Amino acid sequence: MSHNQPKQGFAQRLDQLTPQLLILPTVLIILFLAIYPLLLSAYLSLSRFKLISGGFELKFVGIRNFKKLFSGSQQYHFLGTMGDILFWEWLIVAFLAVGFGYWIVRYLRSAKVSVIGSVGRAITVAVLLALTLLAFSVLNGTGYPGSLMVTLFYVFTGVAIQFFIALGLALLCAQKIRGKHFFRMAFFIPIMVTPVGIAYAFRMLMDMSQGPFSPIWSAFGLAEFSWAADAWLARWVVLIGDSWQWIPFLFMVLLAAIENQPKEQVEAAQLDGAGSWRVFKDITFPAIAPVAATAVLIRLIEAFKIIDLPNILTNGGPGIATESMTLHSFIAWRTQDLGGSAAVGYSLLFVAVVVCVSFFNFIGQRTVAKGAN
Amino acid sequence: MRLLKHVPKFNLSKIAGGVAAACAVTLALGANTALAKKFDGVTVNVMTFTGPQIAEPLQRHAPEFKALTGATVNIITVPFSDLYTKLLTDFATGTNSVDAAVFAPQWVVDYADPGYLQDISAQVAADKALEESDISPFFRSFSTQYQGKTYLLTLDGDFHMIYYRTDVLKEAGLAPPKTWDEYLSVAKAVNGKDMNGDGKADYGSCISKKRNAQAYWAVMSIAGGYLQGQGTSQGAFFDTKDMKPLVNNDAFAAALNIYKETSNYAPADEINLDVGDTRGLFTAGRCALTIDWGDVGTLAIDPSSSKVIDKVGASMLPGSTKILNRETGKLEECTATSCPHAVDGVNRAPYAAFGGWSGGINAAADDKVKQAAYEYFSFVSQPAQSNKDVTIGATGFNPYRLSQFGNINGWLEAGMSKAAAENYLGAIKDSLNSPNMMLDLRIPKNQNYQQVVLDTALARFLASEIDVHQTMAAIEEGWNELNEDLGKEEQLKLYKATLGL
Amino acid sequence: MSVPKSSFWQRLTEPKDVQSMSPLKKIFTYSVLLCWSFVVLFPLYWLFITSFKLPIQVSDGPFYLPFIDFKPSLHAWEYIFIDLGRDTLRPYLNSIIIASISTVLAVFIGSMSAYALTRIEYKPKLGSIIAFIAAVALVVYLTVTVGMSWQLSLSIGAALFVIFVLSFSRYFRRSLGNNDILFWIISQRIMPPVVSVLPIYIMFQQLGLLDTHFALIVTYMAVNLPIAVWLMRDFFAKIPVDLEESAMLDGASRMRVFLTIYLPLAKPGLAATTMLILILSWNEYLLALFLSTADAQTMPLMVAAQNATRGPQWWYMSVLIVVMIIPVLIAAGFIGKLINKGQLTGAVKG
């Protein structure tokens, strides 16, 4: 043993350092390339950027950029044009406010109250109420949605549609059918296509007069119709393109989860004569809930970043109808308004964090808890 | 050596002979080429926007240039909407990945002031092959010079004009429109007729209206005749007294209304059509009228894609019988004093939109690279190449040399009929020589005024998000904001300088 | 006893035996799946045949079948690969180099940390973290506002941080745990690239590294690390602890345990993670748009640059998109051999 001593000493020291060595690269890289941009971006959003010879110059202007977005000359672009809020819409908001208030009070009275928890919940409630009000204001016909609302539309509607279609497909594909492997392979391919490419492909496909579906459109007399000239149609086309690309991801995850559910339970239930709906409700869904929640969370996170499709399919048009916040920020960059670009980016970050963290805490945790049971 | 052992003897001598011959040829070629190549090993990165216009001829001439001088020219393309910012950031941040670029001469202000562009006055003066005196004086001053120095080499000359289907108008008994009201009535009259024999209804007017593209000049083409009547130095963008934007008045409102009304006689997705698309529609025979640069004339004679060969006429931009009174903001009938250049009571202001794609060189590049870039642009601009390129529609290069206007043979060779060539060149010449020609904006950050503020407001207007008054207010507010940011007095001074005041 | 005769409807809706599906269900299932296969594959088919079409065949209306409806031509392929030869090859090679290197780095470093987070307990002091953030903020402030050179401000910030940690850290008891670290790493993914791209652009500009492969590789690696950690952690969590414990009893160091036990056992997980990150890096557009101009231009930029004024040149575009899918398909096939059916589930257990 003694001749091993020196070698062991060095190895021992290395071994002691291993925990740090293993985690440090990741932490350092992310710390630096995440904290630094976060802070600099915050500073950028509070300043005016000017390109000058040899580099650039930043002048601190306080919250001017945010003011411009929320109440100034860019308000129409970001929040949208406010319309009238109807009486019943006010009622709904009031009802929600009461509900949220009750929920917060209940939390404050509970045993596990903490400062962070209270502040977080308060912010969540405030943001959700504000967004609801804004939605009513700009979406009910008299107003016009800006990039904030359009992004939320893409995120919520898109993820919901994608989840349910993916779930349906996964359930069907999980059964005993022939060609399962083929379906799996085929359904996976859209993920591999570059989003820019998908955007162009869809533009080609949706061409009313030259695209592959034009005989169908002509039959309906729609050959000269332009979906790109109608605000909502354009948004839906972007959504369809986005769904085409991301359903495969949810499909793969859900299929794997469904195939991993406890088979004995399913067989037992089937032998007992339970219909497929009951099997799904009582066995399958609880089993895949944790996985599904995580997948939806991943999808939510990515959905906020949508830019390729609206940019290429419609250039953000007609007008500003399909502009997502990332696209808005990108367009601001193109005009050398880097302060404004950073301000939009930060607002997006804020909204995304509120939504994703809420989802994670309130739905994610609950399904994990259920699943663990 | 081991290999040779297995080669039958009689083949060996043949092989040896062949190898020797090949070596000799290569050496000879190498010697030939080695002698002439002064830019061997030099690579020039040239950035421009995605073609095929402009990019295609640049890409085509690159190997020719390489054969002559040994320089490798890389053409890097980016979408038009990104070009200005990409170049500015590349120069300003000192990245200098771009050695030279072909861009809008309006932007020379923002690139030359901070010193990013190479001053090529001396080289141009010494360049006999360029035949600079052959370039029309207007294009020389607008597209290549800034504050007395030459920074760019122009490859293209730009004027907005209207094109019309001679056969369709003749059949309907209509004359080419001289005013915008006439333009609308002609478009309305022929809209829906089948103009190319395919059984489908076609359109009275096709104007490019796409956002973030090259569409935002069209509205100024319409507004020019209403805004400017006293000649070029009156200007049509700002009031020369106080830099007030001339966008919130009856004249601009009239122009916006006409601009929107043309959509009634146009394809349903006109709002998504860029200039390339409308040109394609026009040459496929589906439009009776269009507003465009010189490309339509040359594209119309391309037998591989045009269905309207010999059926296209061109004319100077229509004008207006009313002119803006800048004091009151109202439109008034044209009189001899208010519209001294009016012809038959119609005031026309041909719009030198955009200027013409020109090449500039990054001052921070290597000397050899700069020299190679200069000679490359000169090569493309020289009459031997240029005269051919301007007759090919797909290149995006339109005539800018006096010889191109004067010598009709090149056009006839390209396939234009004599009548069509005279009509086409005549329209450009009329525009060029008009005393009431309207210059494009060339003040600092003009890209922001036009490509950002104007373009966004137009897109929202066309999408019916805002009405005429809100649109004009939005543009005025945006332009005033820019004026304030950059210093109104300074901008006024520079604006007046571009008008020669 | 006679068996009641089953009606037509009964025959349709009742399965032959408990485990299989009724005929009606089978028809429904297959038609839906085939329908969706069409939805998935048709756009790709259309892209593929468009790359063989002449401009006139695109604008004259849809032609569906090569050789039957229209005569395919190689002009687009020739243009992209021969006429534009070098201009196509450069972004293609750039994409391959950047994507593969950044993926390998991300997966390796991420796996190390994932393993660490699974098996080792960390207790980073809250005080140190706040000090770090404060130090970075100071560096940013000094460089940007005061105009100090970044080297100087970085040194000052680093020095202050070290001093603080060494002297004051014992006053801060509160510390975080593994789950907090994990959550923080995963939450990095929420940050929209559009927020971080400008600072990263500025950083690389100050370092003079804009438009280089290095910049893109480092950025992609950093951006994809969270995913690697997230996915690999779940795979590692499933590996029983006893294996490691017995190995360590035998005297193996942690590193050896990681390299010789965990990595090989988590091969399917590695494959899945590599595949996902490879796809993300290969297709990434926004960061490449900002950080590269000419030398480091990647394929997505080249595809996007086809947004020409003459309407997109659909035939050239199709060639580029098809050509972009091929390497990913090859990599997928290669890696796919390692993906097991059940292993993929472990990737996303919450």
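Me: Before we start, what counts as a salt bridge here?

Reply: A salt bridge is a side-chain nitrogen of Lys or Arg within 4 Å of a carboxyl oxygen of Asp or Glu. Keep in mind that this is a predicted model. By that rule, there are 21 salt bridges over all chains, and Glu302(A), Lys305(A) and Arg189(C) are linked in a network of them.

Me: Why is the contact of Arg211(B) with Glu323(A) called a salt bridge?

Reply: The closest N and O atoms are 2.9 Å apart and the cut-off is 4 Å, so the pair qualifies. Arg211(B) lies in the loop between strand E8 and helix H10 of chain B, and Glu323(A) in the loop between helix H13 and helix H14 of chain A, so the pair joins two chains. Both Arg211(B) and Glu323(A) are buried.

Me: What makes Arg60(B) partly exposed?

Reply: Its relative accessible area is 30%. Partly exposed lies between under 20% for buried and over 50% for exposed, so Arg60(B) belongs there. Glu56(B), at 25%, is partly exposed too. Arg60(B) and Glu56(B) form a salt bridge, with the closest N and O atoms 3.0 Å apart. They are separated by about one helical turn because they sit 4 residues apart in helix H3 of chain B.

Me: How do you know that Lys330(B) forms a salt bridge with Asp250(B)?

Reply: Their closest N and O atoms are 3.9 Å apart, and the rule asks for within 4 Å, so the pair counts. This pair links distant parts of the chain, 80 residues apart: Lys330(B) is in strand E12 and Asp250(B) in helix H11. Lys330(B) is partly exposed at 46% relative accessibility, as is Asp250(B) at 31%.

Definitions and conventions
Residues numbered from 1 in each chain as written. Chains lettered and ligands numbered in written order. Predicted model: local features only at pLDDT ≥ 70, side-chain atom pairs only at ≥ 80, totals over all residues. Heavy atoms only, no water. Buried < 20%, exposed > 50% of the residue type's maximum accessible area, 1.4 Å probe, protein only.
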